[in-house]
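This report describes selected local features of one protein model.

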Amino acid sequence: MSILTILEFPDEQLRKKAAPVKNIDDNIKQLIDDMLETMYHAGGIGLAATQVNVHLQILVIDTSEQKNDPLCLLNPEIISKEGAFEYKEGCLSVPEIFEKIIRPSHITVKGLNRHGEAIEIEAIDLLSTCIQHEMDHLRGKLFVDYLSTLKRQRIKTKLEKMHRLEGKE
């Protein structure tokens, strides 16, 4: 397994829409394993393939306390949503930034697991938020897009400065 490089806002690659996974082969399974390792290494609870510059509809999540209950969804689609849940979201692609976002509290999502089997998941609160957050990445959307233009610009400026100081640009 490998630790992958996580793209950071405002990298334009984060704005690309991901394509559906058509064939789950050994390369896709290796990517899923690498994404899980990368997510755990970075201390996150979710990671979308878009964040590692692979533009396929793949996301991995683990909201368990022990980090031992990984979920992988390919080609996810929300089929129902209701309620409201406010959570102070962060993102591995927007480091050190946390903002309150309101999303539906209860969703039902369908997709494929790593073996290509159709699955349907009912998720509430944190898991619901995490799935929606990662699905946004697959559509080229970031949680900062839910913020005001002024707040988003301040975050962008802060991260660009941080990247310059770290020599990333």
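## A salt-bridge network

At 44% relative accessibility, Arg 139 counts as partly exposed, where buried means under 20% relative accessible area, exposed over 50%, and partly exposed in between (1.4 Å probe, protein chains only). The model is predicted: local features need pLDDT of at least 70 and side-chain atom pairs count only at pLDDT 80 or more, while totals for chains, interfaces and linings use all residues. Residues are numbered from 1 along each chain as its sequence is written, and side-chain values use heavy atoms, with hydrogens and water left out.

The side chain of Arg 139 meets that of Asp 136 in a salt bridge, at 2.4 Å from N to O; the term denotes a side-chain nitrogen of Lys or Arg within 4 Å of a carboxyl oxygen of Asp or Glu. Asp 136 is buried, with a relative accessible area of 2%. A salt bridge also joins the side chains of Glu 89 and Arg 103, with an N to O distance of 2.6 Å. This pair links distant parts of the chain, with Glu 89 in strand E4 (residues 85-91) and Arg 103 in strand E5 (residues 94-103), 14 residues apart. Helices (H or I, at least four residues) and strands (E, at least two) are DSSP runs, numbered from the N terminus. Glu 89 is buried at 2% relative accessibility, and Arg 103 is buried at 4%. Glu 89, Arg 103, Asp 136 and Arg 139 are linked in a network of salt bridges.

## Salt bridge from helix H1

Six salt bridges are present in the structure. One of them pairs the side chains of Asp 33 and Arg 114, at 2.8 Å from N to O. It links distant parts of the chain: Asp 33 belongs to helix H1, and Arg 114 to the loop between strand E6 (106-112) and strand E7 (118-124), 81 residues apart. Both partners are partly exposed, Asp 33 at 23% relative accessibility and Arg 114 at 22%. In general, side chains of opposite charge can pair when their charged atoms come close.

## Helix H1 and its ends

Helix H1 comprises 17 residues (26-42) and reaches 24 Å from its first C-alpha to its last. This is close to the expected 24 Å at 1.5 Å a residue, the expected span being 1.5 Å times one less than the number of residues. The buried residues of H1 are Ile 28, Leu 31, Ile 32, Asp 34, Met 35, Leu 36, Thr 38 and Met 39. An α-helix has 3.6 residues a turn, so residues three or four places apart point the same way. The cover over the buried residues of H1 includes strand E1 (46-48), strand E2 (58-61) and strand E3 (71-82).

At the N-terminal end, Asp 25 caps H1, with a side-chain oxygen 3.1 Å from the backbone nitrogen of Asn 27. Just after H1, Gly 43 adopts a positive phi of about 80°.

Thr 50 lies in the loop between E1 and E2 and is buried at 0% relative accessibility. A polar atom of the Thr 50 side chain is 3.4 Å from the backbone oxygen of His 137. With neighbours within four places in sequence left aside, the contacts of Thr 50 (heavy atoms within 4.5 Å) include Leu 7, Gln 13, Leu 14, His 55 and Leu 138.

Lys 110 is in strand E6 and is partly exposed at 36% relative accessibility. Lys 110 and Asn 75 are 35 residues apart in sequence and 8.2 Å apart in space, C-alpha to C-alpha. Residues touched by Lys 110, not counting those up to four places away in sequence, include Asn 75, Pro 76, Ile 119 and Glu 120.

## Cysteines and backbone geometry

A search of the whole structure finds zero disulfides, defined as a pair of cysteine sulfur atoms within 2.5 Å. The sulfur of Cys 130 is 9.9 Å from the closest cysteine sulfur, in Cys 91, too far for a bond. Cys 91 is buried, with a relative accessible area of 11%, and Cys 130 is buried at 5%.

The peptide bond from Phe 9 to Pro 10 is cis, with omega near 15°, and Pro 10 is in the segment before H1. Lys 67, in the loop between E2 and E3, has a positive phi of about 55° although it is not a glycine. Asn 75, in strand E3, also has a positive phi, near 50°, in a residue other than glycine.

How values were computed:
Polar contact = N/O pair within 3.5 Å; in protein donor to acceptor, adjacent residues only side chain to side chain.
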